[in-house]
Amino acid sequence: MDNTSRQRIIISAFIICGLFFFSVVKLWQLQIIQGSEYKKISIENMIRIIRSPAPRGIIYDRNGIPLVKNTPYFCALLMPEHLEKIDISTLAQILSMDSDDINYIIDKSSLSPFEPIKIKERLTFKEVASLEARRSDFPGLVISTEMSREYLYGNVGAHVIGYLGKLNQQQANDPEYKEVPQDAFIGQWGAEHLFDKTLRGSAGEKIIEIDALGREIRLLQEKAPVKGEDLNLSIDINVQKSTEDAFEGKAGAMVAMKPDTGEILALVSRPSFDPNIFAKGISFKEWLALNQDKKVPMLNRALQSQYPPGSTFKIITAIAALSEKVITPETKVTCTGGIKYGSWEFGCWKKGGHGTISFHRAIVESCDVYFYEAGKRVGIDKIAEYAKKLGLGSPTGLPLVKERPGLIPDTKWKYENKKQPWYLGETFHSSIGQGYVAATPIQMAQLMSIVANGGYIYKPTILKMEKPPEQVPSIGISQKILELVKSALYGAVSEGGGTGGAAKSSLISVGGKTGTAQVVGIKKSSSSLPEKYRDHAWFVAFAPVEKPEIALCVFVEHGGHGGGAAAPIAKRAIESLYKENKIKK
């Protein structure tokens, strides 16, 4: 072997050794230094995590009648890392969508690269079949099953039951919702919102192995979703529906309570809305239509409408005047159709006057002049004191929506807010529930409940109670006085000349008081005015008179007289509750 050949052999040996050494180093780097990292990447390319919301608990009425149900539906999802391989236009064609809409959904998605993007919900069977048939064209496509909410009574009770909506940005950042899958529906209104955590349950999770096309090969791990707890509301859906039907297109509210517990038996706010449009994902157009509707269907009139309560407030003036002993049951006042105070005249609703009238008949016939005199004797500050004691002027505490507090004026309030002294004429107005006085329908229902149960305030609730509530302290009004007022309220419905005769029932004894709240100071018949200028109609009631089991307030916006517009609705609500002879406990 010559020197040249020997050199070639040595050089080749060095090269081979160098390559071998480089390979060993590279393998060491790949397997030892970066092995765990590459292993992670490999696993992540094979494994996907699919999270799914749990079926929500079912909401029942107080008699066990389901108000909602869960309905399964299909969704189309895409794995983010396969997006480049997806033919968006073909996918859009199958899903009857616009390609731009799909691209928008993908662009706005800020999910983890390993969590799927929901492209479309509520797929039809035809869409599912078409996607499955062309599965190889859509690597990374996942078809999952989720649950939708169906509201079985449509818009009936919508302001109590509520609706679902997707997590908004604020909620997504709230630890309260950290376990809720992105894009899931949660309670956004009413009982669905108040008790969302209870109804929501625990989300499920599937860890699956996929192939190169993103198809599921096998299930590696699964945590089944845990259904939310069921909920029993206090409302009676038959009373709710019957009362809502009785409004017959009118706007207004009705709240019916159990006087001995505070349970809400029905809470009506009309017009209403169909929560099913939220459960399927409300469109911008639908949302705009709801919010721009001049009839304001999203307003909960039971808690958020406050107006002068009209003559229903005479119950307060009566209790204050009797309690302060400025009048007695025997006190009589002569009504000639109005009184004069300085240059002002304060009329009675009955132009010809009621003649000389007693306390009982003054309530029965709702004589304004009698209560001008009673208010004058007891004074505005005492009237305000008793009104507040009976729950007016502050929220009742039912957390359905932000509740309006109403307004109970007194001399201090007038000075602080108007920088003026209080005038007697304002006491006249306040004594019959006009002027500055304002109340919500739920406050007036609670007032009627307190009178009916003998002087106890129970906080309103929309949950059915499993046992009687703890006895609350009495507000300290004489039982004798409350019985006098209840007797007069029974007379207002049952006696000749009573203003609440339209609520008289052949099924059950009813006590009640009408109220007509003036909207504008026009001395014309309310019915001859355009609707927006017509008076508001009120009626508060309780039944049966001997042992009250229901107390309620009906408010009809621009309804005219309380006796003509609100009392018949109250009668229908009460009778619907007693058609089976008693309230089901």
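Biologist: Buried means under 20% relative accessible area, exposed means over 50%, and partly exposed lies in between (1.4 Å probe, protein chains only). Which residues of α5 are exposed?

Modeller: Phe 125, Lys 126 and Ala 133. Keep in mind that this is a predicted model: local features need pLDDT of at least 70, side-chain atom pairs count only at pLDDT 80 or more, and totals for chains, interfaces and linings use all residues. Residues are numbered from 1 along each chain as its sequence is written, and side-chain values use heavy atoms, without hydrogens and water.

Biologist: And which ones are buried in α5?

Modeller: In this helix, residues 125-133, they are Glu 127, Val 128 and Leu 131. Helices (H or I, at least four residues) and strands (E, at least two) are DSSP runs, numbered from the N terminus.

Biologist: Why do they line one face of the helix?

Modeller: Seen down the axis of α5, the buried residues fall within an arc of 100 degrees (taken from the directions from the helix axis to the C-beta atoms), so they line one face.

Biologist: What do they pack against?

Modeller: β3 (68-78), α3 (88-94), β4 (117-121) and β5 (141-151).

Biologist: New topic! How many residues has the largest nonpolar core?

Modeller: It has 105, and Ile 319 and Tyr 370 are among those with the most contacts inside it. Such a core joins buried Ala, Val, Leu, Ile, Met, Phe, Trp, Tyr and Cys residues through side-chain atoms within 4.5 Å.

Biologist: Which helix gives the most to this core?

Modeller: Helix α20 (residues 441-453), with 8 residues. Another core, of 29 residues, lies apart from it and includes Val 239 and Ala 567.

Terms used. Contact means heavy atoms within 4.5 Å.
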